[in-house]
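Here is a friendly briefing to read alongside the model. Have the viewer open and follow the topics in turn.

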Amino acid sequence: MAPPRLSGMQKQVLSLYRGFLRAARLKSADDRKQIEAVVSAEFRRNSNQVDRKNFVYIEYLLNRGKKQLDQLKSPGVVGLSSFSVGGGQR
Amino acid sequence: MSKEFKIYRWNPDDPTRKPFLQSFFLDLTDCGPMVLDALQKIKAEVDPGLTYRRSCREGICGSCAMNIDGTNTVACLEPIDPDPAKPLFITPLPHMFVIKDLVVDLTNFYQQYKSIEPWLKTKRRPEEGREYRQSPEDRKKLDGLYECILCACCTTSCPSYWWNPEEFLGPASLLHAYRWICDSRDEYTEERLQAVTERMQKLYRCRAIKNCTATCPKSLNPADAIHKMKAKHLTSVHVEKSES
């Protein structure tokens, strides 16, 4: 089912996902469910939409994810959410 | 007097489009002399989506560092070459993650700067509780070290930093490490030197490539500071051995 050997980039994505789930475990039960829902939805959506060969964009998402994970780890933070503003202009 | 500007563009909101060089044509008679003036004009009149960092416009903040015609400098101090036949290439700092257009991710750079502890550390209290005194000769030793504006031009021009950004501190952080080692008021000189040299990666990945000195927009000499720091370390190690 899973591919025989994961590439370095795939390993990074998976370890980021694991990091998010581990950070979520340290929060309260309700917050944990909400964080897990948002994070798994985002990862699943990106895995379907983003081209596997688009390394530039994947690295950009990984970097952004690492920063968001650092913010999530701080004790005051209770969750994450996002909303999109209008549509792309160009 | 029309000059062509080829500027690197990439938008994360449009990820399917690969990064490309977009051409802009600007009338130089109606524009300020520096590259930053040209960027401002393009952003104001042609394409407001062009993204770059800028702040002081006088070469002191280090925000507008980018690669202009192959050299890393700050855009506000780099005059535009008026030759209309050659296009001016503006790209982000090399081998850095691009956030959008000319903006790069400098968090690793700032964390490395933080890791050398760039503040005064003393073991004694100041005399009369006022300030730590320093003679003019000792203050002169800091000239050429304290002017660093942390623009990241030198660090992103170093091939050794390109290949090992997590381990090698880079010329800017090492310049600052030497600045604090050199400061006569600071009393943790040995600890600072030991912190930078305890593993081979932080300081000794420098191979004296000297790209840093060539590219510094403030004409500083990080390669020289690194060389002096290596000399300080090697001479101090020798003293320990001869005593035992």
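Is B:Asp143 buried, partly exposed or exposed? B:Asp143 is partly exposed, with a relative accessible area of 39%; here buried means under 20% relative accessible area, exposed over 50% and partly exposed in between, using a 1.4 Å probe and protein chains only. This is a predicted model, in which local features need pLDDT of at least 70 and side-chain atom pairs count only at pLDDT 80 or more, while totals for chains, interfaces and linings use all residues. Residues are numbered from 1 along each chain as its sequence is written, chains are lettered from A and ligands numbered from 1 in the order in which they are written, and side-chain values use heavy atoms, leaving out hydrogens and water.

**Salt bridges**

- Over all chains, a search of the whole structure finds 23 salt bridges, each being a side-chain nitrogen of Lys or Arg within 4 Å of a carboxyl oxygen of Asp or Glu.
- B:Asp143 meets B:Arg139 in one of them, at 3.1 Å from N to O, and B:Arg139 is partly exposed at 33% relative accessibility.
- B:Arg9 pairs with B:Asp47 in a salt bridge whose closest N and O atoms are 2.6 Å apart.
- Because B:Arg9 lies in strand 1 of chain B and B:Asp47 in the loop between helix 1 (35-46) and strand 3 (65-68) of chain B, this pair ties together parts that are 38 residues apart in sequence; helices (H or I, at least four residues) and strands (E, at least two) are DSSP runs numbered from the N terminus.
- Both B:Arg9 and B:Asp47 are buried.
- B:Asp186 and B:Arg192 form a salt bridge too, with the closest N and O atoms 2.9 Å apart; B:Asp186 is buried at 3% relative accessibility, and B:Arg192 is buried at 6%.
- In chain A, salt bridges that share partners join A:Glu42, A:Arg45 and A:Arg64 into one network.

**Aromatic rings**

- The whole structure holds six aromatic pairs over all chains, where rings of Phe, Tyr and Trp (its six-membered ring) pair if their centres lie within 6.5 Å, with planes under 30 degrees apart counting as stacked, over 60 as edge-to-face and the rest as tilted.
- The rings of A:Tyr57 and A:Tyr60 have centres 6.0 Å apart and planes at 15°, so this pair is stacked.
- These two tyrosines, A:Tyr57 and A:Tyr60, are three residues apart in helix 3 (residues 55-73) of chain A, and so are separated by about one helical turn.
- A:Tyr57 is buried at a relative accessible area of 12%, and A:Tyr60 is buried at 15%.
- A cluster of A:Tyr17, A:Phe20 and A:Phe43 is linked by ring pairs.

**Charges over rings**

- B:Arg179 lies over the face of B:Trp180, 3.8 Å from the ring centre; the rule asks for NZ of Lys or CZ of Arg within 6 Å of the ring centre and within 35 degrees of the ring normal.
- The charged end of B:Lys123 sits over the ring of B:Tyr188, at 4.9 Å from its centre.

**Where the chains meet**

- Chain A gives eight residues and chain B 11 residues to the contact, defined as heavy atoms within 4.5 Å.
- The two chains bury about 890 Å² between them, 56% of it on carbon and sulfur atoms; this is the accessible area (1.4 Å probe) that two parts lose on being put together, summed over both.
- The rule finds one salt bridge across the interface of chain A and chain B: A:Lys67 pairs with B:Asp105, the closest N and O atoms being 3.3 Å apart.
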